[in-house]
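Here's a quick tour of a few spots in this fold. Have a look at the model first, then read on.

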Amino acid sequence: MPLPNILIAFKSKASTAIKRGSRGVVGVIITDTPVGVYLLEDNTQIPNGLTAENKAYIERAFLGGQNAVKKVVVIVTDTVLNGLKTLETQKCDYAVGPHDISPSDVTAMATFIKGLRDNKGIKMKAVLPNSPSDHEGIINFTTTDIVVGEDSFTAAEYCSRIAGL
C-alpha cells in the first residue's frame, strides 16, 4: 500500500474525530425577559434579570455527566413556539423546553423536533417530560418524586439536567 493512501486515511480519521468531538451542546428554551439568544460556556455567564427558577434550570444543564457540556444555548422568548423557530437556527445536540412547559407545548416541541430530523436532516434530540416516545429524536422523561438533597423536582423541572448528561 503506497504511503499517500495511509496519509489520506489519517486525514479522514482526524476530520471525523473533530466532528465527533464537537458534541455537547444543549439548547434551552425559557420564557422570560429580556428576549434573546445567549451562548454560555459555563454557569457564570447566565444572564442577569432571569427568574431564580430559570437560572437554576440553566445551571442544572451545566452539571453534565461523564462528558462535560461544552455549551448551553439559552433561548429566552415569550412563547415556546417562537423559541422553536429560533432553535432551528442554532446548532444543538439536545434541546429542552421551559421548566414549566405545558402539555400542549410538549406536543408542539415533539412535532417540531420530529420534523427537523425527518424533513431537514437536523439530528437534534429533545428531552421532554411525559411525552410519548414514538420517535428516535424524542427522549421521554417520565418520573415522579425527584429529590436531590433538600430540593424536589418535577419531571419538567429536571429535563435540563437529563439533557446535560
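## Strand S1 and its partners

Let's start with a pair: Val-28 sits opposite Val-96 in S4. That pairing belongs to a parallel arrangement, with S1 and S4 joined over three bridges. Keep in mind that this is a predicted model.

S1 also has S3 as a partner, again running parallel, and here seven bridges do the joining. One of the spots to look at is Thr-31, whose bridge partner in S3 is Thr-77. How much of S1 is covered? Most of the strand is, with six of its seven residues buried.

## Helix H2

Helix H2 covers residues 52–62, and its buried residues are Asn-54, Tyr-57, Ile-58, Arg-60, Ala-61 and Phe-62. What do these buried residues pack against? On the strand side there are S1 (25–31), S2 (36–40), S3 (71–77), S4 (94–96) and S8 (151–153), and helix H5 (155–164) joins the list. So much for the packing.

After H2 comes Gly-64, which has a positive phi, near 65°.

## Gln-90 in its loop

Now over to Gln-90, which you'll find in the loop between helix H3 (80–87) and S4. Its side chain makes a polar contact with the side chain of Thr-89, at 3.3 Å.

Which residues does Gln-90 touch, leaving out those up to four places away in sequence? The answer is Val-37, Leu-39, Val-73, Ile-75 and Met-124.

How values were computed: Residues are numbered from 1 along each chain as its sequence is written. This is a predicted model: local features need pLDDT of at least 70, side-chain atom pairs count only at pLDDT 80 or more; totals for chains, interfaces and linings use all residues. Side-chain values use heavy atoms; hydrogens and water are left out. Buried means under 20% relative accessible area, exposed over 50%, partly exposed in between (1.4 Å probe, protein chains only). Helices (H or I, at least four residues) and strands (E, at least two) are DSSP runs, numbered from the N terminus. Contact means heavy atoms within 4.5 Å. A polar contact is a pair of N or O atoms within 3.5 Å; within protein, one must be able to donate a hydrogen and the other to accept it, and residues adjacent in sequence count only if both atoms are side-chain atoms. Two strands pair if DSSP finds at least two bridges between them.
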